[in-house]
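Reader: Please show me the structure. I will then ask about it, one point at a time.

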Amino acid sequence: MLKHLLALASASGGIPRLSILIFHRVLPAADPLFPEEIDAPRFDRICGWLRRWFQVLPLPQALASLANGTLPPGACAITFDDGYADNCEVALPILKAHGLSATFFISTGFLDGGRMWNDTIIESVRRTTRPQLDLSDLAGGTADEEAIVPTGSIVERQRAIEALIGRFKYLVPAERLAQAEKLSQMAKVRLPDDLMLTSSQLLDLHRAGMQIGAHTVSHPILARLEQAAQAAEINASKRFLETLLQERIGLFAYPNGKPGTDYNTKSIELARAAGFDAAVSTAWGAADKATDPFQLPRFTPWDRSALRFGLRMASNLVRKTPELALLNA
């Protein structure tokens, strides 16, 4: 029943639509600090549902079929952003067990021992033994925010992480990184250096038949950068991956990916000029033949039951994405 419903939704009005799913991490086990984060058992169930209900295609193949009018009913592609080590260690074996393929968008500056600024925040708050943190010397706050943040309980740590990520998110990249490192010093913790992929693991993903795309070097908010800085981030990530993998890289993902807020029309122009074939956003919806290939929508249903997951996917297939149209106006 669900497979039939999803097939109908994916060709509503006689127009084939492509669902592109976005993931970031697949943890080996549930994390009490992030209970909604995808873990291995949950990802295994999701892959089972996708294999049962959809025709899961490699993203380049799906986009080629979308462009030439041969996209099959119920077409779906799986993508991952950022380049976490668990993509290789945990997600890859599950994908292979189900016979599925995925595209991994890599922020190249974090390979081989790097760490994203948000993970510096998360691990600083997770690992601190202090009952509270004084944020008064950190940038990015507002006058009405509390300077003293409690970190004694799981709930308090969750609130602290959410507040700090919101506080730093739209700082310029260098300042954002500096403030995150300052927080780690205040928290007096030893931070992990194995959260992200090594170059060897990235090569393992590639050899396993997975597709690799670019996701900038340092994962900045592109819309906050000058044109030259945007171009450097976009082009350098592409060149690095092409050198490492010895093949052309044709796909790009905008960091954070919200149209107008996280990337802008200049970002789109620069991605085209860099020689990419397509780029993905994080606007919800499904792509059809009329969708701008440099603003492809992506979505991940969060439901834990098969029925709710399937219904959420069906709803997304017929969803409009006006935010993408606004960026093209």
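Reader: Is Arg115 buried or exposed?
Author: This is a predicted model, in which local features need pLDDT of at least 70, side-chain atom pairs count only at pLDDT 80 or more, and totals for chains, interfaces and linings use all residues. Residues are numbered from 1 along each chain as its sequence is written, and side-chain values use heavy atoms, with hydrogens and water left out. Buried means under 20% relative accessible area, exposed over 50%, and partly exposed in between (1.4 Å probe, protein chains only). Arg115 has 18% relative accessibility, so Arg115 counts as buried.

Reader: How does the accessibility of Glu181 count?
Author: The relative accessibility of Glu181 is 27%. Because of this value, Glu181 counts as partly exposed.

Reader: What separates Glu123 and Arg127 along helix 5?
Author: Helices (H or I, at least four residues) and strands (E, at least two) are DSSP runs, numbered from the N terminus. Glu123 forms a salt bridge with Arg127, with the closest N and O atoms 3.0 Å apart. The two are four residues apart in helix 5, so what separates them is about one helical turn.

Reader: Which residues are linked with Glu123 and Arg127 in a network of salt bridges?
Author: Glu123 is buried at 5% relative accessibility, whereas Arg127 is partly exposed at 39%. The network that holds both also links Asp31 and Arg126.

Reader: How many salt bridges does a search of the whole structure find?
Author: One of them joins Asp292 and Arg272, at 3.0 Å from N to O. Asp292 lies in the loop between strand 9 (278-280) and helix 11 (306-317) and Arg272 in helix 10 (residues 265-273), so this pair ties together parts 20 residues apart in sequence. Asp292 is buried at 14% relative accessibility, and Arg272 is partly exposed at 41%. The search of the whole structure gives a count of 13.

Reader: What is the phi of Asp82?
Author: Most residues other than glycine have a negative phi. Asp82 is in strand 3 (residues 75-82) and is buried, with a relative accessible area of 6%. Its phi is positive, near 95°.

Reader: Where does Asn256 lie?
Author: Asn256 also has a positive phi, near 65°. At 24% relative accessibility, Asn256 counts as partly exposed. Its place is the loop between strand 8 (251-253) and helix 10.

Reader: What is the radius of gyration of the chain?
Author: The radius is taken over C-alpha atoms, and the globule rule is 2.2 Å times the number of residues to the power 0.38. With 329 residues, a compact globule would have a value near 20 Å. The chain agrees with this, at 20 Å.

Reader: How many helices and strands does the chain have?
Author: The C-alpha atoms fill a box of roughly 55 × 45 × 40 Å along the principal axes. Buried residues make up 53% of the 329 residues. The chain has nine strands and 12 helices.

Technical notes
Salt bridge = Lys/Arg side-chain N within 4 Å of Asp/Glu carboxyl O.
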